[in-house]
Number of protein chains: 2
Amino acid sequence: MNRALEYLHASRASEIASLQRLLRTGQQITAVSELIHALQRERGASNIWLCSDGRLFGDELEARAAAVADRQRAVIAALPPAEAQPGYSRFCMLIAAALQALEALPLLRQQVRDRALEQVRAMDAFSHIIRTLLNLVFEAADTASEPDISRALIALFSFMQGKELAGQERATGSAGFAAGTFSAAQRQRLQGLIDAQEQSFATFSQFADADSLARWQQMADAGSQIERLRRIACTGAPYAEEGVLQWFTLLSERLDKMKQIEDGLCAALMAGCARAIAAAQQAEARAPAPDADASFSLYVAGASWLEGHDATLDSSGIAPQLGRSVLSLIREQAQRLQAQSNELATMRATLNERKVIDQAKHWLMQQHGLSEQDAWQRLRKSAMNQNKRMLDIAQAILAVAATLQA
Amino acid sequence: MNRALEYLHASRASEIASLQRLLRTGQQITAVSELIHALQRERGASNIWLCSDGRLFGDELEARAAAVADRQRAVIAALPPAEAQPGYSRFCMLIAAALQALEALPLLRQQVRDRALEQVRAMDAFSHIIRTLLNLVFEAADTASEPDISRALIALFSFMQGKELAGQERATGSAGFAAGTFSAAQRQRLQGLIDAQEQSFATFSQFADADSLARWQQMADAGSQIERLRRIACTGAPYAEEGVLQWFTLLSERLDKMKQIEDGLCAALMAGCARAIAAAQQAEARAPAPDADASFSLYVAGASWLEGHDATLDSSGIAPQLGRSVLSLIREQAQRLQAQSNELATMRATLNERKVIDQAKHWLMQQHGLSEQDAWQRLRKSAMNQNKRMLDIAQAILAVAATLQA
């Protein structure tokens, strides 16, 4: 076989190998989604248990913990092998961090059962574990090299992020309703969680498939009962003692409905992987007709700086017929990779925006001792006051941070 | 072994595997640099042969072709195996394009020897082959995941690009001096090549190691003899008949000196790879002391959206001593990967700038039938007239292009 054709073949085979790796990542992420949902339920039950001073949900704790253990085994079974692979360093490191975080669960459960831990600390401990799991989904979205799958992953990650924020809203609200009063900090936190959810679901809506989006639009509105309780929480209006259970039940129903949409997103992700693999295999099998007339011009973004008249070489009769046929195959592959690269660049911009905002937030937290919610609120208010995007404010902050460091 | 530690180990082993792949890429690129230099010399000899109507350099052609064949064998021996590897699709496709372009050499040489090809067409054919080889270097620079090595690759690519533009300047000038006159198009092309060289060497200077930069600064000035001939070419001042050989000799000496700097850049690249591998192996071998006091906060850019107070979990006594030690190992690895990611983002911005400008140039070429040089000049003039960066103009053009397509 012609050596050029060998590498063309290797290029397509590498594309298929990348997609098959993505398919396995999709399976891992589906398992992670199940584990997160189970952890959110265990966090919810633990929360009510602690808030009710051990009066409510005592029976639930065991069942929730058992469900988490099940899901945890499934995640560990789905993990990629712990082997050296070029380009796998970050993913492996995030898996290590997630596994390490999960190690803390038995002791955490013991302390919850003994009511030896403040409610806020217990919630934070659960949320920390969930965050390390969500990091895996973000990393997958950030490194996927196929636009459709990258889009599905961004939609899924944003949705999981929104759902987790809804879970934290449930915890924060439960604590306030159980205590009979909301502190100023709790109110601010609640408001921040509601705002951040909106942002997450806006990103989701931008990238989701039509089916999932339609299902979300039907339930995007939190409903009047939840909104009434939110208003009570945020304004300090009076409410009945059973408020905590009403709140918990309503928000739990909402989280379960979200989980159904999340399942649809996982299914869409897997279907997208399967479709992309089939398409790449078809492209490999199909031999396009030689393209004798068109002058060949391999355009690879960023590498085309010498592109010009010289591309007429191949229609000048220098290249033999076989050469032209190979050229048209190479061109087809180049165009496919280029189209992917262009689309990915657009999507990466969305993720980069998130990274910049997060880095600015992190800097504010470190430098000014702010909480995550406070830092986010400060960014948001600055943006509103100055009539700019949060991204602009975040970039300005990072520029200042860089100057201070230099 | 603890499963978290297994993945931490896999993360570091993956980092080392990525670096070893980069080391092999460095070897491939060193071979490509040699082949490009040999091709530039064959192009130069062919050019003089054609420009002198077969009177000069007839003996050289054979020797130059033999040198290219030597270097070509070395490149092919250094190529990675034509195997499926996730993330290797673009690189394999570019290898296929380069090998395919090299296939045209025997026929091209025959046509040059028979003087059956116009000088411009022959030069363009050689330049096309060289461009496909340079694409490999660009791709390596665009995908390297270690900041120091990425920097060395960007410096090397920019230098090779500048040297190739100098080679094209030599060809364009030789044709004009041999013909006894420069057409308006030739003059414009010459000016464009001189300007583009400056841009390439400016990027090189931004990323080069201190030694290479110092060596370049000594020879950056083209010297008064070359500048005098450039002026003659661009203004149509009278000159002696032996101008063509004087021009060719001066520019060839300059290209040979550039090759020495390029060799230094290749050596710096390989040394950087070896250093990075040693550092990663050292980090793997060294076990940092447990960090019992500090509260753990794993910060992964873009995945830290839930970061907050909850990170105090591990200093609260929940995590056992072993856990803390693992956490500090994970944190160290997270910080290293994060520092790399931040630095890479900055460098990628430079490459993206080039991509945007190239895409805008390509669009101008396609839509307005401009040559590569004309498109570049038009971008440049617009930028100067509007007192903006070329990047801004290019982005504006692409925005218009997107609107027209929609």
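I started with the area buried between domain 1 of chain A and domain 2 of chain A: about 1,700 Å², with carbon and sulfur atoms giving 54%. Buried area here is the accessible area (1.4 Å probe) that two parts lose on being put together, summed over both. The model is predicted: local features need pLDDT of at least 70, side-chain atom pairs count only at pLDDT 80 or more, and totals for chains, interfaces and linings use all residues. Residues are numbered from 1 along each chain as its sequence is written, chains are lettered from A in the order in which they are written, and side-chain values use heavy atoms, without hydrogens and water.

I looked up the bounds next. Domain 1 of chain A covers 3–279 and domain 2 covers 343–405, from an automatic or database domain assignment. The contact (heavy atoms within 4.5 Å) takes 25 residues from domain 1 of chain A and 14 residues from domain 2 of chain A.

I checked for charge pairs across this interface and found 1 salt bridge (a side-chain nitrogen of Lys or Arg within 4 Å of a carboxyl oxygen of Asp or Glu).

Then I turned to helix α6 of chain A, residues 147–179. Helices are DSSP runs (H or I, at least four residues), numbered from the N terminus. I noted 33 residues and a reach of 48 Å from first C-alpha to last, close to the 48 Å expected at 1.5 Å a residue (1.5 Å times one less than the number of residues). In α6(A), 29 of the 33 residues are buried, so the helix is largely enclosed by the rest of the structure. Buried means under 20% relative accessible area (1.4 Å probe, protein chains only). G180(A) follows α6(A), with a positive phi near 85°.

Terms used:
Helices (H or I, at least four residues) and strands (E, at least two) are DSSP runs, numbered from the N terminus. Buried means under 20% relative accessible area, exposed over 50%, partly exposed in between (1.4 Å probe, protein chains only).
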